[in-house]
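Below are my notes on the model, as numbered points. Please read them beside the sequence and the coordinates.

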Amino acid sequence: MAETSFTGRINGIVFENNQDLFKIIDVDLISKLPDYDRDNIRVTGNFGDIQIGSTYKFTGNIVVHEKFGKQFRIRSYEPVLPHEEGSLAKYLSSDKFPGIGKRAAEKIIDSLGTNALDLIKSNPTEIDNLDLTQKQKDSLLSGINQMDSFSEIVIKLARYGINKKVAGNIYKVYHGDSLKKLEEDPYQALGEVRGFGFKTADNMGHALGIELNDPRRVRGALLSILQTALNTLGDTYVALDELLTQAYDLVQSTSYDELANSVNELQRQGKVVVSGDKAALQTIFQTELDIATELKHVVNNQVEKEEFDDSDIEKAIKHVEETLEIEYDDTQKNAIKNALNNPISILTGGPGTGKTTIINGILMCLKELAEIPSAALYSDDPPFLLAAPTGRAAKRMSEVTDISAKTIHRLLGLGIGENEATDVNELNGEILIIDEMSMVDMFLFKQLLSGINSTKRIVFVGDKDQLPSVGAGNVFGDLISSGAFPTTRLQVIHRQGEDSSIIKLAHAINDEEAEETIFNKTKNYSFIPCQPSLVGDAIDQIVNLAIKRGFKKDDIQVLGAMYNGQGGITHLNDILQDVMNPLSVKTKVIEAHNESFRIGDRILQLQNNPEKDIYNGQIGKIIGLNPDDKAKILIADFDGREIEFGIKDLNDITRAYAITIHKSQGSEFPLVILNLTMQNYMMLRRNLLYTAITRAEKNLVMVGEKKAYIMALRTPGNDRKTELAAKIRHELGLKEIEDTSNVNAEQEETKAEVKEETAEPENYILTPELIYSGQIDPMIGMEDIKLEDKK
């Protein structure tokens, strides 16, 4: 049968399979279709990303489906692009190209003419010469990514087992050359393309006939190990001997000589840096170096500020004590003095040690000493800048200080309007205080430092014993261990009251003195032993009983270590959703990524989204569902603000009746139910348990295996391998300190015991000689509770 073509406008997607990209779409005819007399038709075939409301030319054949009648099966399709100046400007400034307004659209047309879209499609590098911000250029390219060339590439990459999302990431990096680049060397995408791992590269390499000992594959293995250490462990480097050993095992067909040659070649390509006995990805090495350099700049280019006498500070502190009706101890007073008279100072301490009270003291003293009028604090250019990594932490900071605090992203203007990642707001003021610093990763910290202009004082506040950031590095820990900045360590518990037993438990965990008390029943916390297979039933009963005892549903938060398994977050959310928000006949539901979302569900944001002003770890509640509106398919309330989610945004949310301990950082809840079992074996660390317990404001119920809690108590935190502290000391001209951070042997020994009981680098060129030489309640009436085994 002869092929035919027609032009039509897409009304919607009737069916979609993300695995093979097959879609059934509803199309309104614009041009006539031979032997067809209706105004719209169902079109079937494999599509990449297509735009609802856009016009396309479809080529293929009419087929007759036994149930649905005539359909059009495509062989190919292409967008019909506007060429008239008015319609082209309107198209470019539409929501298909976020960030491009009317003025930017006019710039594009002035530069490339009315044939602009065709020109860019055929040669994406045309974008480089446009007078646009980088964000606008990325938006323009991203919009064009969704046209036919992108679709063809996605389909072809699917033949190599590469899914749609990764294929999109590949196109962002290599544009129209994606296939050519990967077929030349699939391993070059490692570290460059998000979600593209060694296994994917190896599958493609095998299909292309690349030998096991091919230098491209060997280099790919080395890059993969460094990238895995960064993404999985948060390490910014890998010991050279460990890198070579792992690569040898991974490649399974090479010699150490070939590995050495490959490391040297990666150095020549500017992808890897070898410094001493450590190897790092060049971009990560440079990020640490940039942070150290920025800190040096802050210290050495300090804005002139008044140096306050100790006697004046003491008077100001006395006034604060009288106003707040408190009394600071000597350590807390010292923290205030450090903040007032140093360009950079650090404050670290656990719960109940007075960090918030000290922040208030710093601000009140500075207001008095610098004679800052109250009206200035609420001006457009405030002298006090307060920020935290999450919206919830920033909100709490505002509540306790009565001064506006923002997320770090919002403070810097990241992702807002037309700001680029490197184009951040300038930070000027008397003082900048960043809370919850343990959550700040190296990339965000670099951006924060780059925005500091004439800020006179900077105070980093946090709890060094919590889990490090989700992102790579250990910034807060490195700032402290560098010894380069005045640091106050708070150890005395000042907060007394109903929740003090949880605070005491947290400190006992850090002091390795909790084994005798953690399983006791106290007014605020208790432990219920439970096998992994019964965890779901146990938590079901505990939550139901807590609700009967008067706890509000939103005050109850279940925490765990992992998503998978019987006691995993995913399974617990299935159980808790039916407890907290049971399904009724009238309940609206939408399905996404194997999850069911209902109005009233508690949800968690998984990625930073500065445009919506919601961030990773932020919790909201679904207040509306519109299954027929893909642009506003879900509406949620986040801290009193209504946020609209399109269908693609659903990938960034999950149900939040149960969340991971990592995602809970920066938040506190009236009742925390903590689940730890030996299924979490690899993650059981002291700082994980400590972080979980300190999320409980007043009540804590621990569930799971006693052995798992003991292992966590006895296993030191998994210290990340980083070089930031050393680089800071080097940049500031301080003497090097000996590295004593290796705790791997101690960790392995602990696991065995529990099981039985219950700077610019030098140019290093590797040689064979160097290699071979080896260089979770009584408070809710649970004293006698017995868990039932539900059949």
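1. The buried residues of α24 are covered by elements that include α20 (500-510), β18 (556-560), α23 (661-664), β27 (669-676), β28 (696-704) and α25 (706-714). Cover here is by contact, meaning heavy atoms within 4.5 Å. In helix α24 (residues 686-693), 8 of the 8 residues are buried, so the helix is largely enclosed by the rest of the structure. They are Arg-686, Asn-687, Leu-688, Leu-689, Tyr-690, Thr-691, Ala-692 and Ile-693. Buried means under 20% relative accessible area, exposed over 50%, and partly exposed in between (1.4 Å probe, protein chains only).

2. On the basis of these notes: this is a predicted model, in which local features need pLDDT of at least 70 and side-chain atom pairs count only at pLDDT 80 or more, while totals for chains, interfaces and linings use all residues. Residues are numbered from 1 along each chain as its sequence is written, and side-chain values use heavy atoms, with hydrogens and water left out. Helices (H or I, at least four residues) and strands (E, at least two) are DSSP runs, numbered from the N terminus.

3. A barrel is closed by 5 strands in the order β1-β2-β3-β5-β4, with mixed pairing. Its twist averages 50° from one strand to the next. Two strands pair if DSSP finds at least two bridges between them. Strand β3 (residues 40-46) and strand β5 (residues 69-79) are parallel and share 3 bridges; Val-43 has Phe-72 in β5 as its bridge partner.

4. An open, antiparallel sheet is formed by 5 strands in the order β24-β23-β22-β21-β25. At its edges stand β24 and β25 (653-655), each with a single partner strand, so one side of each has no neighbour in the sheet. The twist averages 40° from one strand to the next.

5. Within that sheet, strand β21 (residues 602-605) and strand β22 (residues 619-625) run antiparallel and are joined by 3 bridges, with Gly-620 of β22 as the bridge partner of Ile-603. Strands β23 (residues 634-638) and β24 (residues 641-645) are also antiparallel, joined by 5 bridges. Asp-637 has Glu-642 in β24 as its bridge partner. The hairpin of β23 and β24 has 2 residues between the strands, and Asp-639 takes a positive phi near 50° there.

6. The axes of helix α13 (residues 310-324) and helix α14 (residues 330-341) come within 11 Å and cross at roughly 120°. That makes α13 oblique to α14. Axes are lines fitted to C-alpha atoms, for helices over the stretch in contact, and angles run from 0 to 180 degrees between N-to-C directions. Angles under 35 degrees count as roughly parallel, over 145 as roughly antiparallel, 65 to 115 as roughly perpendicular and the rest as oblique. The contact is made by Asp-310, Ile-313, Glu-314, Ile-317 and Glu-321 of α13 and Lys-333, Ile-336, Lys-337, Leu-340 and Asn-341 of α14. These divide into 4 nonpolar, 1 polar and 5 charged residues. Ala, Val, Leu, Ile, Met, Phe, Trp, Tyr, Cys and Pro count as nonpolar, Asp, Glu, Lys and Arg as charged, and the others, Gly among them, as polar.

7. Helix α12 (residues 282-300) and helix α18 (residues 442-451) have axes that come within 10 Å and cross at roughly 35°. By class, their contact has 7 nonpolar, 2 polar and 4 charged residues.
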